[in-house]
Amino acid sequence: MTIRRQLLIAGLGTVIASAAGLAHAQAGTPLKVGTDATFPPMEFVESNKRTGFDIELVEAMGKAMGRPIEWVDIDFKGLIPGLVSRRFDMAVSAIYITDERKKVVDFTEPYYAGGLVVMVKDGNGAIAKPADLAGKKVSVQVGTKSVNFLKEKYPQAQLVEVEKNQEMFNLVDIGRADACVTGKPAAYQYARTKGGLKVLPEQLTTEEYGMAVRKDLPELTKTANEALARLKADGTYAKIVAKWFPSK
């Protein structure tokens, strides 16, 4: 095969790949979005319907892009693998933007600031600051940044890994874990609605949430960023934030 023919074939491959990416970004085409709706106020199920900050924001972005949202429910640990295997196009589930994840998926611009915090029972005097986690049982959700962060920064903490966010909170409620480490929005929401729990004032990290996108769909990342910018410009984003985070 001549070099000229090889270049021609390579060029055709690029065109085909670009066309596939554009097809996914076309108006009217359903946008498949993976989520683990167990993390209020970001995403959860109420009255058999998905709701929450992430859900409402993505639905608004879908309207701005002219694309109906087709939700795919999956455990958090399966979100990134699901994108890599092309099970869905985008994943939105309070996912922190990390260098490790960026190796296999793309991210939109950050859409909300979060960070890891520690939550304990009210009256727990043994854990007043993150350093007090040493030697304590700490519940964490499998597949989240909390797991590796604690192993690296607080190796003396005894991790209790669970599949679901609610299980993590329940272990603290019933005293089988001394604390849990999770994202700030969910921790404050649970402490506020459940009662009897408190979030330590000192955050473990300050990070940002992003919408994860398949690497073979760069046009989707672009159009999602454009839709997000449009919602911020017309006030829709601010209204959604005010609804789900009234103290902000």
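Colleague: What makes strand 12 largely enclosed by the rest of the structure?

Modeller: Five of the five residues of strand 12 (residues 179–183) are buried, so the strand is largely enclosed. Buried means under 20% relative accessible area, with a 1.4 Å probe and protein chains only. A strand is a DSSP run of E, at least two residues, numbered from the N terminus. This is a predicted model, where local features need pLDDT of at least 70, side-chain atom pairs count only at pLDDT 80 or more, and totals for chains, interfaces and linings use all residues. Residues are numbered from 1 along each chain as its sequence is written, and side-chain values use heavy atoms, without hydrogens and water.

Colleague: How do you know that strand 9 and strand 12 pair?

Modeller: Pairing takes at least two DSSP bridges between two strands. Strand 9 (residues 116–121) has four to strand 12, and they run antiparallel. Leu116 has Gly183 as its bridge partner.

Colleague: What makes strand 10 a partner of strand 12?

Modeller: Two bridges join strand 10 (residues 137–141) to strand 12, in the parallel sense. Ser139 stands opposite Cys180 there.

Colleague: Why does the span of helix 8 agree with its residue count?

Modeller: The expected span is 1.5 Å times one less than the number of residues. Helix 8 (residues 218–233) has 16 residues, so it should span 22 Å; its end C-alpha atoms are 23 Å apart, which agrees. Its buried residues include Leu220, Ala224 and Leu231.

Colleague: Which residue just after helix 8 takes a positive phi?

Modeller: Gly235, at about 90 degrees.

Terms used: Buried means under 20% relative accessible area, exposed over 50%, partly exposed in between (1.4 Å probe, protein chains only).
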